[in-house]
Amino acid sequence: MTTTPKRKLIEVALPLEKINRESAREKSIRHGHPSTLHLWWARRPLAACRAVLFAQLVDDPSSHPDKFPTEEAVAAERQRLFRLIERLVVWENTADDALLREAHEEILKSTDGNPPPILDPFAGGGSIPLEAQRLGLEAHASDLNPVPVLINKALIEIPPKWAGQPPVFPGAAEEKLSEDGCGRAEGMWPKATGLAEDVRRYGKWMRDEAEKRIGHLYPKAKMEDGSEANVIAWIWSRTVQCPNPACGIRMPLVKSWWLSKKNGKEAYVVPSVVEGRVIFEIGHDIKQAPEKDTDGTIRRSGAECIGCGYPVPLSYVRTEGKEKRIGQQLMAIATEGNRRRVYVAPNDEHEQAAQVPRPSNIPDTELPKAALGFRVQGYGMTHHSDLFTNRQLTTLTTFRSLIEDIPWAGDSNSGNSSYQQALETYLGFLVSAISDDLTSLVSWRSSHGTGATRSTFARQALSMIWDFAEVNPFANAAGDMETSALAVARAIEGLPARPAGSADQADAATRSYRGFVVSTDPPYYDNVPYADLSDFFYVWLRLSLRSRWPQLLNTMLTPKDAELVADPFRRGGKEEANAFFEDGFTSVFSKMANQLASDFPTTIYYAFKQAETEVDQTASTGWEKLLEGMIRAGFKITATWPMRTERSGRTRNISSNALASSIILACRPRSEDSETVTRRSFLAALKDEMPGKLNELQQGAIAPVDLAQAAIGPGMAVFSRYTQVLESDGTAMSVRTALTLINQILDEVLSEQEGDFDSDTRFCVQWFKNFGWNEGSFGDADNLARGRNTSVEGVQRGGVFRAVAGKAKLLPFSELPSEWHPETDERISLWEVVLHLAKALDEEGGDAAARLMATARTRVDMDVAQELAYLLFAICEKRGLAQDAILFNGLGQSWSDLTAAARKQAASAPKLIQDGFTFDEE
């Protein structure tokens with residue numbers, strides 16, 4: 001007898017709005033965030049990973065009818081779990097051990113006290129394994145690329161080995177003991193704080209020692225008053241010789257002359273040609289500042305010589321680059337002022353300080369001839385070392401060599417080669433991390449305060465930068481070793497450092513999945529060229545750490561042949577690249593489907609590309625391909641959840657699915673005895689099951705904007721549980737057709753919910769579908785009202801409709817009375833309640849809306865009112881009423897919070913007074 005696996009919470013409902021809100025908020029958090037350990041591209045938000053893993057393992061209450069025999073009991077228990085998740089995803093709670101124990105206890109209850117190990121076979125930046133470990137689970141990470149393997153070792157494997165250990169840096173433990181009194185006595189270094197302290201101390205030692213050796217290469221700037229100031233960055237222009245024979249100057253290639261655009265503190269470069277040489281000065285007069293048409297010398301089509309105005313095509317610049325004839329000239333010096341940048345004109349001292357010989361033992365490995373996101377090779381940058389100035393190469397090689405020169409103390413752990421390996425790994429990360437800020441591809445942001453740098457990988461690409469900022473590595477800012485050491489130390493301090501975790505180099509196509517539960521964020525087509533990009537860091541990590549990780553860092557560059565990416569440059573074209581990816585993707589997930597048990601769902605993150613966010617994602621080609629691939633691999637889809645990691649200010653986006661930046665799929669291996677059915681049977685199953693599933697989604701207070709995407713989950717659960725769904729001509733139904741049918745059924749279910757509405761509301765809904773807020777004729781209104789068993793006069797008395805002089809219209813939000821009391825309304829309708837709730841929430845906030853709901857719930861069925869809010873959002877979206885869609889979306893996603901607050905309000909509500917009502921203020 002086969003036991004049906006218990007449904008997990010992620011397959012039924014999630015508090016999606018809170019998860020999305022905290023995921024978006026997390027992007028602004030830097031101090032202590034694990035992402036500051038080392039850059040990796042397209043990391044999943046920790047909040048989302050934590051919530052998904054918890055919901056992936058915890059049973060939905062409907063799986064326990066013995067404990068929760070009624071719908072009310074199931075809903076109440078589900079809300080309790082929601083509240084726990086909502087606390088769990090808050091960044092400030094990541095170190096709340098009591099909360100994490102509470103979450104772990106819930107997982108134990110759903111796993112018979114024996115939670116399964118979690119595996120992410122495409123571990124990348126390590127968000128998923130780290131959050132598995134934070135939840136007290138056995139975490140395993142693997143990746144083909146050695147850079148993410150090292151990152152994951154630093155996140156989940158190394159810290160638990162040294163948890164509770166004091167630092168070994170001479171005097172560090174004693175100093176902390178003296179500072180904190182008894183707070184740092186023996187055994188009082190919780191988690192990996194001792195390791196973090198060592199990283200902080202040795203990072204500072206490396207910085208100070210490097211300044212002794214090469215500090216003279218980075219002189220201070222002399223100010224007009226004779227004082228000296230620390231330099232933040234030297235701003236350079238690339239140059240080529242003007243091809244005009246009558247000119248021939250070294251012409252600057254500059255995208256923008258602006259240094260600071262902050263009001264009242266404007267600064268810009270003023271170029272001039274003196275005796276055949278370009279001279280740069282600093283200007284501040286806003287009246288003479290460069291305008292859009294005169295800002296810079298280089299455009300997409302080419303450059304212009306500032307000496308003679310000669311137009312120079314980019315083809316000439318590329319040729320000069322390939323012949324190694326692109327030079328550089330100092331344009332400005334950005335110095336540290338009093339809470340602002342002060343700009344100084346260049347001088348010979350600072351020009352000469354940068355003229356250093358090229359050091360030896362540098363990463364002279366080749367860049368790919370052509371690769372996704374790479375734009376620099378055409379300008380002569382063909383090796384990794386070409387991305388740096390000689391001064392930058394000298395600095396980085398100095399820091400790298402200092403790892404070998406560390407004077408290990410005669411402390412308890414100092415002779416432990418394993419601890420040295422751990423510590424050197426983080427110090428190697430410091431060198432790798434600052435390399436992102438020490439290249440000639442770092443740009444200057446004139447629109448950020450009074451000016452700031454933008455790192456090399458501000459985008460997941462290597463693009464040509466014409467006027468670049470050379471950062472001072474001793475300025476206590478970006479690119480400074482001590483600053484980076486502090487950031488890494490904070491990140492280590494915030495790691496759970498328990499239980500033990502593992503990170504290994506493995507190919508997802510060949511590794512084993514038996515005994516694991518998988519949660520993963522796989523690469524998708526050509527979204528990110530991980531291997532080519534990561535070579536930038538790999539070459540520095542290899543120089544710094546090869547002796548410590550000989551097996552992991554034994555190749556000149558990261559593995560490329562087996563990387564699962566649709567790179568047309570490697571595969572001979574776009575079609576061949578896509579075929580390679582699709583075959584590899586199916587192979588990996590087929591192996592998973594064959595080896596994973598069906599007790600727990602697998603969760604997969606799918607990140608939309610920017611191009612897909614401009615269309616409805618429920619019908620995007622990439623989305624279809626993912627679903628097709630998973631089904632072909634042998635999985636059945638059980639849920640789809642749109643995750644938002646950022647919000648757009650565009651009202652069009654707020655009321656459409658274009659907001660979702662990724663989707664989480666929950667899926668399980670499909671049964672080997674699954675059947676083939678006809679289109680008619682598939683539709684019958686959809687119509688039978690979708691209403692109940694949509695009700696679960698709505699009760700979970702999913703935002704109306706997310707309903708269409710989330711509804712794909714239960715719809716695809718029906719489609720993908722069959723081996724095939726056959727069309728009338730005997731061909732297999734496509735995923736696109738299935739998605740279209742699922743959306744049709746969704747519309748039908750929402751429309752069928754109208755049967756629960758009162759007559760006035762049914763009239764208003766149909767009028768709104770036909771006319772929106774616009775006027776129609778009285779005759780149309782009269783006919784519509786008779787068909788809905790009401791009358792125009794009655795709807796008018798209900799306070800939501802107006803009919804005058806042969807014209808009729810619904811009252812929009814702006815015309816609804818501000819003073820409305822549902823308990824005294826003689827003719828109340830669901831329509832009236834929902835509109836007033838949406839208006840109160842938008843204009844007065846949640847407390848006012850909750851007070852209104854507390855009284856309205858005695859007159860109407862609030863569950864049915866919620867259905868109306870979802871339906872009105874859908875109508876607004878179809879009619880293009882973006883602002884109204886926002887109001888109904890906000891009401892729908894806040895429904896559970898308002899309901900809880902309304903119950904609390906109702907329990908403490910005072911008696912009615914006079915003609916209205918009041919609530920005591922808390």
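This is a predicted model: local features need pLDDT of at least 70, side-chain atom pairs count only at pLDDT 80 or more; totals for chains, interfaces and linings use all residues.
## An enclosed helix

Helix 26, which spans residues 846–856, is largely enclosed by the rest of the structure, because eight of its 11 residues are buried. The buried residues of helix 26 are A848, A849, A850, L852, M853, A854, T855 and A856.

Helix 8 (residues 193–214) and helix 12 (residues 417–435) have axes that come within 10 Å and cross at roughly 55°. Helix 8 is therefore oblique to helix 12. The crossing of these two helices is right-handed.

The residues that meet at this crossing can be named on both sides. Helix 8 contributes G194, L195, D198, V199, Y202, G203 and M206. Helix 12 meets them with Y419, L423, Y426, L427, L430 and V431.

## Aromatic pairs

A search of the whole structure finds 35 aromatic pairs. In one of them, the ring centres of F536 and F537 are 5.0 Å apart and the ring planes stand at 85°, so the pair is edge-to-face. F536 and F537 are both buried. An aromatic pair that is tilted is formed by F813 and F888, with 5.6 Å from centre to centre and 50° between the planes. This pair links distant parts of the chain, its two residues being 75 residues apart. F813 lies in the loop between strand 26 (807–810) and helix 25 (830–843), whereas F888 belongs to helix 28 (residues 882–893). F813 counts as buried because its relative accessibility is 9%, and buried means under 20%. F888 is also buried, with a relative accessible area of 1%.

## Charges over rings

Two arginines place a charged end over an aromatic ring. The charged end of R391 sits over the ring of W234, at 4.5 Å from the ring centre. The charged end of R571 sits over the ring of F580, at 3.6 Å from the ring centre.

R571 has its place in helix 15 (residues 568–571) and is partly exposed, with a relative accessible area of 23%. Leaving aside neighbours within four places in sequence, R571 is in contact with K560, D561, E563, E576, A577 and F580.

## Backbone features in loops

R498 and P499 are joined by a cis peptide bond, with omega about -15°. P499 lies in the loop between helix 13 (481–493) and strand 17 (501–505).

Two residues other than glycine have a positive phi. For N361, phi is near 55°, and this residue is found in the loop between helix 10 (348–353) and helix 11 (390–404). N361 counts as partly exposed, at 44% relative accessibility. For A805, phi is likewise near 55°. A805 is found in the loop between strand 25 (801–804) and strand 26, and at 78% relative accessibility it counts as exposed.

Methods: Residues are numbered from 1 along each chain as its sequence is written. Side-chain values use heavy atoms; hydrogens and water are left out. Rings of Phe, Tyr and Trp (its six-membered ring) pair if their centres lie within 6.5 Å; planes under 30 degrees apart count as stacked, over 60 as edge-to-face and the rest as tilted. Buried means under 20% relative accessible area, exposed over 50%, partly exposed in between (1.4 Å probe, protein chains only). Helices (H or I, at least four residues) and strands (E, at least two) are DSSP runs, numbered from the N terminus. A charge sits over a ring if NZ of Lys or CZ of Arg is within 6 Å of the ring centre and within 35 degrees of the ring normal. Axes are lines fitted to C-alpha atoms, for helices over the stretch in contact, and angles run from 0 to 180 degrees between N-to-C directions. Angles under 35 degrees count as roughly parallel, over 145 as roughly antiparallel, 65 to 115 as roughly perpendicular and the rest as oblique. A crossing is left-handed if the near helix is turned anticlockwise from the far one by less than a right angle, and right-handed if clockwise. Contact means heavy atoms within 4.5 Å.
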